[in-house]
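Visitor: Hi, I'm new to this one. Please walk me through it in plain words.

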Amino acid sequence: MKKSAIFIILLVILSLGICGCSKDDSSQIKIGVIAELTGDIPAVGASCKNAAEMAAAEINDAGGIQLGDKKYPVKLIIEDNAGKADQSASSAQKLITQNKVVAIVGPNASRYALPAAEIAESGKVVLITPWSTAPKTTLDSKTGASKKYIFRSCFIDPFQGRVLAKFVLDNLKVKKAAVLYDVASEYNKGIAEIFKEIYEQNGGKVVAFETYTTNDKDFSSQLTKIKQTAPDIIFLPNYYSEVPLQIQQAKRLGITTPFIGSDSWGSEELIKLCGKDCNDYYFSTHYAADASTAATKKFIEDYKAKYGTTPDDVAALTYDSFGLIFQSLKTAGKNDRQAVRDALAKIPQYEGVTGNMQFKEGSGDPVKSAVILKVKDGKFTWFANAKP
Amino acid sequence: MAYLFQQALNALQLGSIYALIALGYTMVYGILTMINFAHGDLFMVGAFFCFLLAVYLKLSFVPTLLFTILGVAMLGVVIERLAYKPLRNAPRVSAIITALGVGLFLENFTLALSPYPKHIPALIEHTTWTIGTVSISSLQILIIVLSLVLMLILDFIVQRTKAGMAMRAISWDKTIVPLMGVPVNKIISLTFAIGTGLGGAAGMMYGLAYPVIDPYMGIMVGWKAFISAVVGGIGNIRGAMIGGFILGAVEIMVAAFFPSTYRDFVAFTMLFILLIVRPYGILGKPHPQKV
């Protein structure tokens with residue numbers, strides 16, 4: 001008796017679930033978001049979600065997107081990938097087959113964007129990753145050619161690695177660098193290798209090239225090794241949750257060398273976790289909140305008014321990703337996956353809040369400039385621009 | 001030479017934290033022959049208690065340490081009463097699965113409160129002394145000394161007090177000892193309290209040494225401490241301490257002299273070999289199964 005009651009309840013729950021998702025609604029445009037809401041980089045996911053909701057609210061307040069002779073509202077379906085590669089892939093699968101979204105924004109970190117991109121490519125759905133800078137994300141793993149449905153709104157690591165290597169050589173004028181990076185993460189590994197290559201080509205020397213794996217907390221052994229080689233600068237192309245640990249441990253080991261970082265530093269969380277220890281260090285990133293154009297200023301003010309914090313690079317790039325999707329929907333004139341992809345691939349130039357993006361034919365990577373920021377009294381301040 | 005000395009200091013710091021956590025595994029195993037897989041997560045809860053006490057109540061170092069130990073110890077006792085005691089006579093697999101479940105509960109409960117990594121403020125003045133090329137920080141000394149003191153206290157309780165004698169007696173024989181008038185439930189609760197309390201203290205010290213904490217921090221550290229306990233001979237308290245220091249030393253020294261990518265690989269291979277030579281651990285005694 002009891003068992004059959006439970007069975008019936010289960011059946012009811014299951015059927016509710018099925019009814020809930022099979023309801024097809026063509027009166028709105030569904031866009032999927034995959035964000036790192038929990039896991040190791042939740043600040044990134046939160047920024048992505050905030051910016052996505054803001055972009056959708058703005059377009060819906062204006063009545064929606066004009067397709068043909070009617071305006072359609074945008075509906076967001078936000079999935080949490082929990083900071084896991086497998087969950088990123090399954091979220092993409094769910095958005096494509098169950099929710100039937102027209103396009104996907106996210107995931108942000110390269111190690112999660114890569115598996116989701118594989119699913120989106122085979123499902124023939126546009127995926128724009130706001131923050132994945134690893135070249136592999138938009139490239140076919142077998143042929144090395146560009147994927148057809150995968151785009152991004154950020155620059156790629158070979159460019160960022162070159163910018164940083166040149167910056168260290170030309171602006172900081174030091175020729176002995178050490179690198180400590182996460183060998184288990186796509187992004188960190190890629191940028192560390194590119195930095196080393198470009199730096200050594202241009203007359204610098206990488207005296208220590210040390211590694212660790214994701215979730216390590218103790219870097220004392222590697223840092224002691226680095227200290228032994230007496231570098232002039234230490235490059236940490238690692239995520240904002242790990243960088244403070246590395247810098248604080250280094251200081252406790254008596255290392256006084258300055259540090260430099262990449263766009264993975266660019267979260268307000270870095271300042272919270274690092275305190276004073278990160279002051280006076282430089283990192284490269286996508287945009288500077290304190291030196292910007294009118295459109296960017298408006299975005300920053302709206303975001304501040306809505307969420308109470310300065311938007312970080314993930315927020316700005318997510319907002320631009322939505323801008324790209326909205327524009328391609330308008331150009332395509334219909335709520336259709338293939339038409340959106342074709343329209344997106346033909347956008348020659350897009351003026352976003354993170355600057356001017358130019359897409360080359362057949363490639364999902366925009367050409368855009370980078371900025372170097374300095375951490376000063378617990379704030380990110382603009383220091384230099386780097387043209388593509 | 002200075003380099004070696006510096007790495008040895010790093011190893012002592014890491015090893016003393018592993019040893020403190022390993023003690024919790026080994027004490028519970030010794031008395032219940034059950035592996036408390038939630039122990040790594042209790043360690044994590046210790047770090048979060050420390051965070052809450054230090055940030056919201058603005059307590060200084062000593063009260064934070066005492067309340068963290070007390071809080072985690074109480075949580076350990078409650079978990080034992082609610083989750084493990086009803087299963088004491090069930091097959092051992094059920095107890096292990098329950099322990100894993102409790103661990104997942106603790107992780108996801110903390111995650112539900114807030115997914116953001118937290119920063120533990122420096123509760124003691126950070127000073128770094130440099131002698132030649134060797135740097136010693138006040139924190140390093142604190143962690144090593146405090147761990148050793150806690151381990152000495154534990155050793156004293158277990159070897160020299162009546163309660164300790166009862167613990168050793170229960171781990172020796174669970175059927176006869178209750179007949180001698182030993183309050184088994186009380187002693188088991190006490191064991192849990194001490195074991196998890198030490199885990200909590202380790203969580204706090206880990207949080208001070210590596211001040212970014214998150215709900216998943218206990219998983220890997222927990223595994224490593226468990227391995228330390230097995231290497232030292234699970235169930236043997238001095239073995240757990242030795243095991244912790246050995247694992248810390250192996251990890252640091254491998255990264256010091258090989259490419260750091262090989263660290264876990266080489267460290268765990270060495271431990272495998274050790275276990276092949278001495279399957280019952282360094283100080284463990286073989287227990288032949290009687291038919």
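Guide: Let's start with a term: two strands pair if DSSP finds at least two bridges between them. Helices (H or I, at least four residues) and strands (E, at least two) are DSSP runs, numbered from the N terminus. This is a predicted model, where local features need pLDDT of at least 70 and side-chain atom pairs count only at pLDDT 80 or more, while totals for chains, interfaces and linings use all residues. Residues are numbered from 1 along each chain as its sequence is written, with chains lettered from A and ligands numbered from 1 in the order in which they are written.

Visitor: OK, where does Gly352(A) stand?

Guide: Gly352(A) sits opposite Gly355(A), which is in E14(A). Strand E14 (residues 355–359) is joined to E13(A) by four bridges, and the two run antiparallel.

Visitor: Which strands form that open sheet, and in what order?

Guide: Three strands of chain A, in the order E13-E14-E15, with antiparallel pairing. E13 (349–352) and E15 (366–367) are at the edges with a single partner strand each, so one side of each has no neighbour in the sheet.

Visitor: Zooming out, how many helices and strands does chain A have?

Guide: Chain A has 12 helices and 17 strands. Its radius of gyration (taken over C-alpha atoms) is 22 Å, close to the 21 Å that the globule rule gives for 388 residues, so chain A is as compact as a globular protein of that length. That rule is 2.2 Å times the number of residues to the power 0.38. Along the principal axes, the C-alpha trace of chain A spans about 70 × 60 × 45 Å.

Visitor: How is chain A divided into domains?

Guide: Domain 1 covers 28–155 + 293–368 and domain 2 covers 157–285; the bounds come from an automatic or database domain assignment. Their C-alpha centres lie 29 Å apart. Across the boundary, 17 residues of domain 1 are in contact with 16 residues of domain 2, contact meaning that C-beta atoms, placed from the backbone, lie within 7 Å. On the domain 1 side, helix H2 (42–61) and helix H4 (110–122) of chain A give two or more residues each, and H4(A) gives the most, with three.

Visitor: And chain B, how many helices and strands are there?

Guide: Chain B has 10 helices and four strands. The C-alpha atoms of chain B fill a box of roughly 60 × 50 × 35 Å along the principal axes.

Visitor: How many residues of chain A are in contact with chain B?

Guide: 27 residues of chain A, in contact with 27 residues of chain B. H7(A) gives the most to the chain A side, with six residues.

Visitor: New topic: which residues touch the most other members in the largest nonpolar core?

Guide: Ile104(A), Ala116(A), Ala120(A), Leu127(A) and Leu23(B), out of 203 residues. Such a core is a set of buried Ala, Val, Leu, Ile, Met, Phe, Trp, Tyr and Cys residues joined through C-beta atoms within 7 Å. Buried means 20 or more other C-beta atoms within 10 Å of a residue's own, exposed 12 or fewer, partly exposed in between, with C-beta atoms placed from the backbone. The largest share of this core, 17 residues, comes from helix H1 (residues 2–32) of chain B.

Visitor: What does Leu127(A) touch?

Guide: Leaving out residues up to four places away in sequence, Leu127(A) touches Ile104(A), Ala116(A), Ala117(A), Ala120(A), Tyr149(A) and Ile150(A).

Conventions:
Two residues are in contact if their C-beta atoms, placed from the backbone, lie within 7 Å.
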